[in-house]
Amino acid sequence: MTTRLADIAAQAGVSEATVSRVLNGKPGVAATTRQSVLAALDVLGYERPVRLRQRSEGLVGLITPELENPIFPALAQVIGQALTRQGYTPVLATQTPGGSTEDELTEMLVDRGVAGIIYVSGLHADTTADMQRYERLRAQGVPFVLVDGFSPKVQAPFISPDDRAAMSLAVTHLVSLGHTRIGLALGPKRFVPVQRKIEGFVRTVQEQLGLSAEDIESRLIQHSLYTLEGGQAAASALIDRDCTAVVCASDMMALGAIRAARQRGLEVPTDISVVGFDDSPLIAFTDPPLTTIRKPVPAMGQAAVRTLLEEVGGTPAPHSEFVFMPELVVRGSTASAPGERNRP
């Protein structure tokens with residue numbers, strides 16, 4: 001027991017006496033300190049005493065499209081932790097090819113009496129989808145928040161990264177390195193984040209390189225799937241069009257772009273530069289470490305929970321979009337354009 005107290009105290013950064021007070025449920029401990037001790041218990045793998053187990057305020061559903069892209073588990077973790085801190089129990093529901101649809105998962109969660117639902121990259125991001133499904137959910141009295149995607153037809157709060165600004169950051173970085181043939185690899189055009197990335201990319205390339213919108217859209221933009229294989233296919237097409245740099249709409253696609261370059265005997269970044277999007281967990285440890293646009297996942301996840309719980313508490317958020325600024329993270333997959341290196 002003494003060893004355990006010392007371990008927990010060291011992990012939480014508090015005294016053993018404070019740990020003892022928390023474990024025994026005694027008063028006189030600040031809420032933040034108590035939370036630190038409970039977090040230390042969890043991190044070290046100790047079971048919480050029965051008296052310290054929180055009674056759930058209710059279930060909150062979280063629907064994600066898949067978990068293979070590491071950005072979705074990262075966002076789910078932030079949202080889950082934020083809900084747990086507020087006393088709610090997160091229920092993760094994931095769509096899989098051939099498995100349950102978003103509508104089926106929604107019905108399952110509603111049948112279980114969830115207090116609300118957070119949708120990540122759902123049908124709300126698809127401009128061809130029927131948005132009436134969300135109005136029907138609202139009519140049932142279930143609060144919900146929509147992450148990554150926007151529709152003027154849905155009366156709900158939206159949480160998004162600034163996709164246009166993300167492309168501006170990526171293109172500006174590559175132009176500063178001397179690149180003039182910059183390609184964009186991204187998913188199907190029917191999705192709102194894709195359309196916004198295209199807008200930001202076209203505008204910035206026009207401003208900085210003087211190309212026409214028609215030339216950019218026909219020569220420098222390649223649609224594919226948000227997978228490693230999709231990135232590989234899109235990058236191959238862009239390399240065929242003499243691009244010396246490729247901006248990808250996800251880190252997974254960027255890894256595919258690097259694979260495409262290597263299959264052609266090209267070195268990254270010596271022969272071609274690659275920029276990702278998301279800054280997924282472990283992406284800093286790829287070979288080479290990936291330059292990427294960091295999606296503000298902690299801020300977005302916490303905002304989604306805060307907004308949803310305001311709705312649950314009877315203070316509906318306005319029909320609006322909360323837009324979060326991404327950040328350029330420069331690592332080892334971008335360098336000067338091949339022709340620039342030999343100049344005096």
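## The loops around strand E9

Pro269 is found in the loop between helix H11 (251–263) and strand E9 (273–278). Helices (H or I, at least four residues) and strands (E, at least two) are DSSP runs, numbered from the N terminus. A cis peptide bond, with omega of about 10°, joins Val268 and Pro269. Pro288 lies in the loop between E9 and strand E10 (291–294). Asp287 and Pro288 are also joined by a cis peptide bond, here with omega of about -5°.

The loop between E9 and E10 holds Asp279 and Leu282. Asp279 is not a glycine, yet has a positive phi of about 60°. Leu282, not a glycine either, has a positive phi of about 75°. Most residues other than glycine have a negative phi, and most peptide bonds are trans. Is Asp279 buried or exposed? Asp279 counts as buried because its relative accessibility is 16%, while Leu282 counts as exposed at 67%. Buried means under 20% relative accessible area, exposed over 50%, and partly exposed in between (1.4 Å probe, protein chains only).

## Basis of the model

This is a predicted model, in which local features need pLDDT of at least 70 and side-chain atom pairs count only at pLDDT 80 or more, while totals for chains, interfaces and linings use all residues. Residues are numbered from 1 along each chain as its sequence is written, and side-chain values use heavy atoms, with hydrogens and water left out.

## The chain as a whole

The chain has twelve helices and twelve strands. Its C-alpha atoms fill a box of roughly 70 × 50 × 35 Å, taken along the principal axes. Of its 344 residues, 48% count as buried. Among contacts (heavy atoms within 4.5 Å) with a separation of 6 or more, 69% are between residues 24 or more positions apart.

The accessible surface of the chain comes to about 15,700 Å², and 51% of this belongs to carbon and sulfur atoms. Accessible areas come from the Shrake-Rupley method with a 1.4 Å probe; for residues, only the protein chains shown count as cover. There are 32 positive and 37 negative side chains, and the centres of the two sets lie 5 Å apart. Lys and Arg count as positive and Asp and Glu as negative, leaving out His and the chain ends; the place of a charge is NZ of Lys, CZ of Arg, CG of Asp or CD of Glu.

## Aromatic pairs

The structure holds four aromatic pairs. The rings of Tyr119 and Tyr134 have their centres 5.5 Å apart and their planes at 85°, so this pair is edge-to-face. Tyr119 lies in strand E3 (residues 116–120) and Tyr134 in helix H6 (residues 132–139), so the pair ties together parts 15 residues apart in sequence. Rings of Phe, Tyr and Trp (its six-membered ring) pair if their centres lie within 6.5 Å; planes under 30 degrees apart count as stacked, over 60 as edge-to-face and the rest as tilted.

Tyr119 is buried at 1% relative accessibility, and Tyr134 is buried at 1%. The rings of Tyr134 and Phe144 have centres 6.0 Å apart and planes at 35°, so the pair is tilted. This pair links Tyr134 in helix H6 with Phe144 in strand E4 (residues 144–147), ten residues apart. Phe144 is buried, with a relative accessible area of 0%. Tyr119, Tyr134 and Phe144 form one aromatic cluster.

## Charges over rings

Arg4 lies over the face of Tyr46, 5.5 Å from the ring centre. Lys197 lies over the face of Phe277, at 4.1 Å from the ring centre. A charge sits over a ring if NZ of Lys or CZ of Arg is within 6 Å of the ring centre and within 35 degrees of the ring normal.
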